[in-house]
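Visitor: Could you take me through the helix packing and the pockets of this model?

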Amino acid sequence: MARRPDLILASASPRRLALLNQIGIEPEHLVPAHVDETPEKGELPRKLASRLADLKALTAQHKARSAGFGQGALVLAADTVVAVGRRILPKAETMEEASDCLRLLSGRAHRVYTGLTLLTPAGLKRQRLVETRIRFKRLSTREMEAYLASAEWQGKAGGYAIQGIAGAFVVKLSGSYSGVVGLPLLETAQLLAGEGYPVHFNWLNQASLSGV
C-alpha cells in the first residue's frame, strides 16, 4: 500500500487547524504564508479570495522545500474575504476599522468568499471558491461598543468572528458556516479525497475507539 503524502497547512491560524482536526485530519506541517493581501486595482472580492489562496499555497510550498521538506506533500491554503457588494472589508487591525465594518454590516446582508487551493505532489493545482451570504441584525450602539471592547474583532476579516460573540448578530446564513470561520470543510474534504488522501481513515479509528 502506497504511503499517503504529508499534508502541509499553509496557515498559522488555530481556527483552520481546529476545523481540520474536527474532521479527523492532522497536518504533518504548519507553514504560515505571510503575503501581501492588498487588493489589486479594481479586483473583485471573489477574485481576491482565490488569488490569495493560490499565493499562500505557493509561498508555503516554496518555504517548505527551501527548508528541506515537503517535496512530495499536499499543500492546502485558504483565504477569506468579506464584502458588501464590490466593497472589500479589511481584516480589522484597529478599533476604528472594526467600528467602520460593524456600522456597514449592521442590519444588512453581506457575502463571505473563501478561496481554497490544494497543490499536489504531481504539480497540479486544485481550487474551490465558496460563497456564503449572511445577514446581520440591526446593531444598537451598546452592542457595537460592547463588541468592540471584547477585542474579538482583531485580525478578523470584516471585523468579526462568527464562531464567537458575533454569532449573536446573525439573522440568516446561506452557504458554508465553516467557510466563514476560515475553512470550508465539505470542499476541503472533497479536494483531499480527490487526490487520494485518506480523509475517512481516522473516522473509522474513532468509531472503533468509541465502541460504535
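This is a predicted model: local features need pLDDT of at least 70, side-chain atom pairs count only at pLDDT 80 or more; totals for chains, interfaces and linings use all residues.

Guide: Residues are numbered from 1 along each chain as its sequence is written, and side-chain values use heavy atoms, with hydrogens and water left out.

Visitor: At what angle do the axes of helix α3 and helix α4 cross?

Guide: Helices here are DSSP runs of H or I with at least four residues, and strands are runs of E with at least two, numbered from the N terminus. Contact (heavy atoms within 4.5 Å) is made by Met-95, Ala-98, Ser-99, Leu-102 and Arg-103 of α3 with Met-144, Tyr-147 and Leu-148 of α4. The axes, lines fitted to C-alpha atoms over the stretch in contact, with angles from 0 to 180 degrees between N-to-C directions, come within 10 Å and cross at roughly 145°.

Visitor: Which element gives the most to the lining of the largest pocket?

Guide: A pocket is an open set of points on a 1 Å grid over the protein atoms alone, where a 1.4 Å probe fits, with protein on both sides within 12 Å along at least five of seven lines, and lining residues have an atom within 4 Å of a point. Of the 27 lining residues, Ser-13, Arg-15, Arg-16, Lys-91 and Gly-155 are the closest to the centre of the largest pocket. Two or more residues come from each of α1, β3 and α5, and the element that gives the most, with three residues, is α1.
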